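Let's take a walk through this model together. Have the sequence and the structure open side by side as you read.

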Amino acid sequence: MNAYLDLSDEVAEALARGAPVVALESTIISHGMPYPRNAETAIAVEAEVRAAGAIPATIAIIGGRLKAGLNADQIGLLGERGHDVAKVSRRDIARIVASGADGATTVSATMIIAELAGIRIFATGGIGGVHRGAESSMDVSADLDELARTGVAVVCAGAKSILDIAKTLEYLETKGVPVVVYRGDEFPAFYTSRSGLRAELRMDSAAAIAAMLKAKWDLGLSGGAVIANPIPVEYEMPVDVINAAIDQALVEATAAGVRGKDVTPFLLARVKDLTGGDSLESNIALVMNNARLAAQIAIEYGRLG
Ligand code: PSU
Ligand code: MN
(Lines give C-alpha, C1' and ligand atoms only; values in the text may rest on other atoms or scores of the structure.)
(Ligands and ions follow the chains in the order given, each with its own letter.)
Protein backbone atom coordinates (compact mmCIF):
# COMPACT_ATOMS: atom_id res chain seq x y z
CA MET A 1 0.00 0.00 0.00
CA ASN A 2 1.20 3.48 -0.81
CA ALA A 3 2.79 5.24 2.17
CA TYR A 4 0.76 8.41 1.60
CA LEU A 5 -2.61 6.65 1.37
CA ASP A 6 -5.13 5.71 4.07
CA LEU A 7 -8.06 3.44 3.33
CA SER A 8 -11.04 3.49 5.68
CA ASP A 9 -11.56 0.15 7.43
CA GLU A 10 -14.65 -0.51 5.35
CA VAL A 11 -12.90 0.20 2.05
CA ALA A 12 -9.80 -1.79 3.02
CA GLU A 13 -11.92 -4.77 3.98
CA ALA A 14 -14.00 -4.59 0.79
CA LEU A 15 -10.92 -4.39 -1.43
CA ALA A 16 -9.26 -7.25 0.45
CA ARG A 17 -12.20 -9.58 -0.21
CA GLY A 18 -12.62 -8.41 -3.80
CA ALA A 19 -15.99 -6.75 -3.16
CA PRO A 20 -17.14 -4.03 -5.57
CA VAL A 21 -16.05 -0.51 -4.57
CA VAL A 22 -17.07 2.78 -6.17
CA ALA A 23 -14.89 5.90 -5.84
CA LEU A 24 -16.58 9.28 -5.33
CA GLU A 25 -14.97 12.72 -5.66
CA SER A 26 -14.96 15.63 -3.22
CA THR A 27 -14.66 18.80 -5.34
CA ILE A 28 -18.32 18.21 -6.18
CA ILE A 29 -18.92 18.59 -2.42
CA SER A 30 -16.79 21.66 -1.69
CA HIS A 31 -16.97 23.51 -5.01
CA GLY A 32 -19.84 21.90 -6.92
CA MET A 33 -22.88 22.48 -4.73
CA PRO A 34 -23.92 24.84 -1.90
CA TYR A 35 -23.91 23.88 1.80
CA PRO A 36 -25.69 21.98 3.31
CA ARG A 37 -27.06 20.22 0.23
CA ASN A 38 -23.53 19.33 -0.83
CA ALA A 39 -22.77 17.28 2.30
CA GLU A 40 -26.29 15.81 2.43
CA THR A 41 -25.95 14.74 -1.19
CA ALA A 42 -22.53 13.18 -0.61
CA ILE A 43 -23.97 11.08 2.21
CA ALA A 44 -27.03 10.14 0.14
CA VAL A 45 -24.83 9.13 -2.80
CA GLU A 46 -22.85 6.82 -0.52
CA ALA A 47 -26.13 5.26 0.63
CA GLU A 48 -27.18 4.81 -2.99
CA VAL A 49 -23.94 2.97 -3.80
CA ARG A 50 -24.51 0.70 -0.80
CA ALA A 51 -28.15 0.06 -1.74
CA ALA A 52 -26.95 -0.99 -5.19
CA GLY A 53 -24.59 -3.55 -3.64
CA ALA A 54 -21.18 -1.84 -3.62
CA ILE A 55 -19.03 -0.03 -1.07
CA PRO A 56 -18.53 3.75 -1.52
CA ALA A 57 -15.08 5.31 -1.17
CA THR A 58 -15.30 9.10 -1.07
CA ILE A 59 -11.86 10.46 -1.87
CA ALA A 60 -10.13 13.61 -0.57
CA ILE A 61 -6.89 14.77 1.06
CA ILE A 62 -7.20 15.33 4.81
CA GLY A 63 -4.26 16.68 6.80
CA GLY A 64 -1.93 15.84 3.94
CA ARG A 65 -3.05 12.19 3.79
CA LEU A 66 -4.66 10.74 0.69
CA LYS A 67 -7.96 9.23 1.83
CA ALA A 68 -10.13 6.60 0.19
CA GLY A 69 -13.20 6.37 2.40
CA LEU A 70 -14.27 9.37 4.49
CA ASN A 71 -16.46 9.44 7.58
CA ALA A 72 -19.56 11.63 7.88
CA ASP A 73 -17.72 14.31 9.87
CA GLN A 74 -15.04 14.63 7.19
CA ILE A 75 -17.69 14.91 4.47
CA GLY A 76 -19.59 17.48 6.54
CA LEU A 77 -16.49 19.63 6.98
CA LEU A 78 -15.65 19.59 3.27
CA GLY A 79 -19.20 20.74 2.60
CA GLU A 80 -19.25 23.42 5.27
CA ARG A 81 -15.85 24.87 4.40
CA GLY A 82 -16.74 24.90 0.71
CA HIS A 83 -14.46 27.11 -1.35
CA ASP A 84 -12.08 27.53 1.62
CA VAL A 85 -10.91 23.97 0.94
CA ALA A 86 -8.31 23.77 -1.81
CA LYS A 87 -9.60 22.43 -5.12
CA VAL A 88 -7.03 19.76 -5.98
CA SER A 89 -6.30 18.43 -9.44
CA ARG A 90 -3.19 16.43 -10.45
CA ARG A 91 -0.78 19.37 -10.24
CA ASP A 92 -1.90 20.31 -6.69
CA ILE A 93 -1.60 16.92 -4.96
CA ALA A 94 2.07 17.13 -4.03
CA ARG A 95 1.89 20.58 -2.48
CA ILE A 96 -1.20 19.73 -0.42
CA VAL A 97 0.39 16.50 0.83
CA ALA A 98 3.73 18.18 1.60
CA SER A 99 2.07 20.97 3.58
CA GLY A 100 -0.27 18.68 5.49
CA ALA A 101 -3.32 20.54 4.21
CA ASP A 102 -6.83 19.47 3.23
CA GLY A 103 -7.92 19.21 -0.37
CA ALA A 104 -11.08 18.41 -2.26
CA THR A 105 -10.17 16.25 -5.23
CA THR A 106 -11.42 16.88 -8.77
CA VAL A 107 -12.03 14.07 -11.23
CA SER A 108 -8.33 14.02 -12.13
CA ALA A 109 -7.00 13.82 -8.56
CA THR A 110 -9.72 11.39 -7.52
CA MET A 111 -8.77 9.06 -10.39
CA ILE A 112 -5.14 9.10 -9.27
CA ILE A 113 -6.00 8.23 -5.67
CA ALA A 114 -8.59 5.63 -6.73
CA GLU A 115 -5.99 3.90 -8.88
CA LEU A 116 -3.47 3.91 -6.02
CA ALA A 117 -6.13 2.30 -3.82
CA GLY A 118 -7.04 -0.31 -6.47
CA ILE A 119 -10.49 1.10 -7.24
CA ARG A 120 -11.47 0.91 -10.92
CA ILE A 121 -14.92 2.49 -11.04
CA PHE A 122 -15.73 6.08 -10.09
CA ALA A 123 -19.04 7.97 -10.09
CA THR A 124 -19.51 11.72 -10.28
CA GLY A 125 -21.79 14.35 -11.81
CA GLY A 126 -19.93 15.86 -14.71
CA ILE A 127 -16.36 15.80 -15.98
CA GLY A 128 -14.29 18.83 -16.85
CA GLY A 129 -13.53 19.36 -20.51
CA VAL A 130 -12.50 21.77 -23.22
CA HIS A 131 -13.94 25.17 -22.37
CA ARG A 132 -15.74 27.33 -24.86
CA GLY A 133 -13.23 29.73 -26.33
CA ALA A 134 -10.39 27.31 -25.60
CA GLU A 135 -8.89 28.19 -28.99
CA SER A 136 -7.77 31.45 -27.35
CA SER A 137 -7.81 30.69 -23.58
CA MET A 138 -6.31 27.17 -23.85
CA ASP A 139 -8.56 26.23 -20.94
CA VAL A 140 -8.71 22.43 -21.10
CA SER A 141 -9.48 20.55 -17.90
CA ALA A 142 -6.78 18.31 -16.46
CA ASP A 143 -9.55 15.71 -16.21
CA LEU A 144 -9.14 14.89 -19.90
CA ASP A 145 -5.45 14.06 -19.81
CA GLU A 146 -6.05 12.07 -16.63
CA LEU A 147 -8.64 10.00 -18.46
CA ALA A 148 -5.95 9.30 -21.03
CA ARG A 149 -3.39 8.05 -18.53
CA THR A 150 -5.03 6.66 -15.36
CA GLY A 151 -6.94 3.38 -15.33
CA VAL A 152 -10.26 4.34 -13.81
CA ALA A 153 -13.67 4.46 -15.51
CA VAL A 154 -15.63 7.61 -14.74
CA VAL A 155 -19.43 7.36 -14.72
CA CYS A 156 -20.86 10.84 -15.33
CA ALA A 157 -23.86 12.56 -16.92
CA GLY A 158 -21.71 13.85 -19.75
CA ALA A 159 -20.37 17.39 -19.72
CA LYS A 160 -22.14 20.67 -19.09
CA SER A 161 -22.55 23.08 -21.94
CA ILE A 162 -20.48 25.59 -19.97
CA LEU A 163 -17.96 23.54 -21.98
CA ASP A 164 -17.51 23.04 -25.70
CA ILE A 165 -18.85 19.50 -25.75
CA ALA A 166 -17.89 18.83 -29.37
CA LYS A 167 -14.27 19.82 -28.72
CA THR A 168 -14.26 17.80 -25.50
CA LEU A 169 -15.25 14.68 -27.46
CA GLU A 170 -12.62 15.40 -30.14
CA TYR A 171 -9.96 15.71 -27.45
CA LEU A 172 -10.98 12.43 -25.82
CA GLU A 173 -10.84 10.73 -29.22
CA THR A 174 -7.36 12.10 -29.88
CA LYS A 175 -6.20 10.87 -26.48
CA GLY A 176 -7.62 7.39 -27.03
CA VAL A 177 -10.24 7.51 -24.30
CA PRO A 178 -13.30 5.28 -24.88
CA VAL A 179 -16.55 7.21 -24.46
CA VAL A 180 -19.59 5.01 -23.87
CA VAL A 181 -23.15 6.30 -23.73
CA TYR A 182 -25.37 4.12 -21.56
CA ARG A 183 -28.75 3.46 -23.17
CA GLY A 184 -28.64 6.58 -25.32
CA ASP A 185 -27.84 7.64 -28.87
CA GLU A 186 -26.42 11.07 -28.05
CA PHE A 187 -23.70 12.16 -25.67
CA PRO A 188 -25.60 13.72 -22.74
CA ALA A 189 -25.18 17.36 -21.71
CA PHE A 190 -25.50 16.93 -17.94
CA TYR A 191 -28.79 18.80 -17.34
CA THR A 192 -30.26 17.36 -20.51
CA SER A 193 -30.05 13.84 -21.86
CA ARG A 194 -29.11 15.08 -25.34
CA SER A 195 -26.37 17.34 -26.66
CA GLY A 196 -27.04 16.96 -30.38
CA LEU A 197 -23.77 15.01 -30.65
CA ARG A 198 -24.15 11.40 -31.72
CA ALA A 199 -22.93 8.63 -29.43
CA GLU A 200 -20.35 6.63 -31.33
CA LEU A 201 -20.42 3.84 -28.75
CA ARG A 202 -23.71 2.93 -27.11
CA MET A 203 -23.98 0.14 -24.54
CA ASP A 204 -27.16 -1.04 -22.89
CA SER A 205 -25.94 -3.07 -19.92
CA ALA A 206 -23.50 -2.73 -17.05
CA ALA A 207 -22.15 -6.17 -18.00
CA ALA A 208 -21.23 -5.00 -21.51
CA ILE A 209 -19.44 -1.97 -20.10
CA ALA A 210 -17.55 -4.11 -17.57
CA ALA A 211 -16.49 -6.51 -20.33
CA MET A 212 -15.16 -3.62 -22.43
CA LEU A 213 -13.19 -2.26 -19.47
CA LYS A 214 -11.72 -5.68 -18.70
CA ALA A 215 -10.64 -6.15 -22.31
CA LYS A 216 -9.06 -2.70 -22.38
CA TRP A 217 -7.06 -3.17 -19.21
CA ASP A 218 -6.16 -6.83 -19.89
CA LEU A 219 -4.71 -5.64 -23.18
CA GLY A 220 -2.49 -3.19 -21.34
CA LEU A 221 -4.30 -0.22 -22.89
CA SER A 222 -3.63 2.29 -20.17
CA GLY A 223 -5.99 5.09 -19.24
CA GLY A 224 -9.61 5.33 -18.25
CA ALA A 225 -12.97 5.60 -19.91
CA VAL A 226 -15.95 7.93 -19.85
CA ILE A 227 -19.24 6.19 -19.14
CA ALA A 228 -21.88 8.80 -19.93
CA ASN A 229 -25.20 8.13 -18.24
CA PRO A 230 -27.96 10.45 -19.48
CA ILE A 231 -29.99 12.24 -16.82
CA PRO A 232 -33.39 10.55 -16.41
CA VAL A 233 -35.91 12.53 -18.51
CA GLU A 234 -38.09 13.37 -15.51
CA TYR A 235 -35.21 15.36 -14.01
CA GLU A 236 -34.08 17.15 -17.17
CA MET A 237 -33.93 20.95 -17.26
CA PRO A 238 -35.74 22.83 -20.05
CA VAL A 239 -33.06 23.40 -22.71
CA ASP A 240 -33.82 27.12 -23.16
CA VAL A 241 -33.74 27.80 -19.40
CA ILE A 242 -30.40 26.08 -18.86
CA ASN A 243 -28.80 27.52 -21.98
CA ALA A 244 -29.84 31.07 -21.05
CA ALA A 245 -28.34 30.63 -17.58
CA ILE A 246 -25.12 29.19 -19.01
CA ASP A 247 -24.78 31.99 -21.57
CA GLN A 248 -25.23 34.64 -18.88
CA ALA A 249 -22.79 32.90 -16.51
CA LEU A 250 -20.18 32.79 -19.30
CA VAL A 251 -20.61 36.54 -19.98
CA GLU A 252 -20.23 37.28 -16.26
CA ALA A 253 -17.13 35.10 -15.94
CA THR A 254 -15.47 36.95 -18.82
CA ALA A 255 -16.47 40.35 -17.40
CA ALA A 256 -15.11 39.40 -13.96
CA GLY A 257 -11.85 38.14 -15.46
CA VAL A 258 -12.19 34.72 -13.83
CA ARG A 259 -9.27 32.45 -14.77
CA GLY A 260 -7.70 29.05 -14.20
CA LYS A 261 -9.16 26.71 -11.64
CA ASP A 262 -11.77 29.28 -10.55
CA VAL A 263 -13.60 29.20 -13.88
CA THR A 264 -15.59 26.00 -13.39
CA PRO A 265 -16.68 26.66 -9.76
CA PHE A 266 -17.70 30.21 -10.76
CA LEU A 267 -19.82 28.97 -13.65
CA LEU A 268 -21.40 26.16 -11.59
CA ALA A 269 -22.41 28.56 -8.82
CA ARG A 270 -23.83 31.18 -11.21
CA VAL A 271 -25.82 28.62 -13.20
CA LYS A 272 -27.27 27.30 -9.96
CA ASP A 273 -28.26 30.81 -8.78
CA LEU A 274 -29.63 31.92 -12.16
CA THR A 275 -31.92 28.89 -12.35
CA GLY A 276 -33.28 29.53 -8.88
CA GLY A 277 -31.94 26.26 -7.57
CA ASP A 278 -33.84 24.04 -10.03
CA SER A 279 -30.56 22.98 -11.58
CA LEU A 280 -29.36 21.80 -8.17
CA GLU A 281 -32.23 19.31 -7.97
CA SER A 282 -31.34 17.99 -11.43
CA ASN A 283 -27.70 17.82 -10.42
CA ILE A 284 -28.47 15.76 -7.31
CA ALA A 285 -30.78 13.39 -9.21
CA LEU A 286 -28.20 12.68 -11.89
CA VAL A 287 -25.42 12.02 -9.37
CA MET A 288 -27.61 9.44 -7.64
CA ASN A 289 -28.36 7.88 -11.01
CA ASN A 290 -24.64 7.70 -11.78
CA ALA A 291 -23.89 6.14 -8.38
CA ARG A 292 -26.32 3.30 -9.15
CA LEU A 293 -24.85 2.58 -12.57
CA ALA A 294 -21.30 2.73 -11.22
CA ALA A 295 -22.19 0.20 -8.53
CA GLN A 296 -23.69 -2.12 -11.16
CA ILE A 297 -20.57 -1.83 -13.33
CA ALA A 298 -18.31 -2.47 -10.32
CA ILE A 299 -20.32 -5.59 -9.49
CA GLU A 300 -20.16 -6.87 -13.09
CA TYR A 301 -16.47 -6.06 -13.33
CA GLY A 302 -15.84 -8.03 -10.14
CA ARG A 303 -17.66 -11.06 -11.60
CA LEU A 304 -15.23 -11.14 -14.51
CA GLY A 305 -12.44 -11.99 -12.04
N1 PSU B 1 -18.51 19.82 -13.45
C2 PSU B 1 -19.63 19.72 -12.72
N3 PSU B 1 -19.54 19.64 -11.36
C4 PSU B 1 -18.33 19.65 -10.73
C5 PSU B 1 -17.15 19.73 -11.51
C6 PSU B 1 -17.29 19.82 -12.86
O7 PSU B 1 -20.70 19.70 -13.27
O8 PSU B 1 -18.31 19.58 -9.49
C9 PSU B 1 -15.82 19.69 -10.83
C10 PSU B 1 -15.23 18.27 -10.88
O11 PSU B 1 -14.49 18.04 -9.70
C12 PSU B 1 -14.28 18.35 -12.07
C13 PSU B 1 -13.77 19.75 -11.90
O14 PSU B 1 -13.24 17.41 -12.03
O15 PSU B 1 -14.91 20.52 -11.54
C16 PSU B 1 -13.15 20.28 -13.17
O17 PSU B 1 -12.56 21.52 -12.92
P18 PSU B 1 -11.70 22.22 -14.07
O19 PSU B 1 -12.69 22.59 -15.14
O20 PSU B 1 -11.09 23.41 -13.39
O21 PSU B 1 -10.69 21.22 -14.53
MN1 MN C 1 -9.46 25.02 -16.48
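What follows goes from the domains to a helix and then to a histidine.

First, some ground rules: this is a predicted model, where local features need pLDDT of at least 70 and side-chain atom pairs count only at pLDDT 80 or more, while totals for chains, interfaces and linings use all residues. Residues are numbered from 1 along each chain as its sequence is written, chains are lettered from A and ligands numbered from 1 in the order in which they are written, and side-chain values use heavy atoms, with hydrogens and water left out.

Across the boundary, 32 residues of domain 1 are in contact with 29 residues of domain 2, contact meaning heavy atoms within 4.5 Å. About 2500 Å² is buried between the two, with carbon and sulfur atoms giving 67% of it; buried area is the accessible area (1.4 Å probe) that two parts lose on being put together, summed over both. E48, K87 and M111 supply 23% of what domain 1 buries against domain 2, more than any other three residues.

There are three salt bridges between the domains, a salt bridge being a side-chain nitrogen of Lys or Arg within 4 Å of a carboxyl oxygen of Asp or Glu. E48 also pairs with R292 in a salt bridge, at 2.5 Å from N to O.

Now move to helix 9 (residues 165–174); helices here are DSSP runs of H or I with at least four residues, strands are runs of E with at least two, and both are numbered from the N terminus. Which of its residues are buried? They are I165, T168, L169 and L172, where buried means under 20% relative accessible area, exposed over 50% and partly exposed in between (1.4 Å probe, protein chains only). These four sit on the same side of helix 9 because they cover an arc of only 95° around the axis, judged by the directions from the helix axis to the C-beta atoms. On the other side, E173 and T174 are exposed. The buried residues pack against helix 8 (142–149), strand 9 (179–182) and strand 11 (225–228).

Finally, find H131 in the loop between strand 7 (121–123) and helix 7 (134–137). H131 counts as buried because its relative accessibility is 6%. Leaving aside neighbours within four places in sequence, its contacts include D139, D164 and T264.
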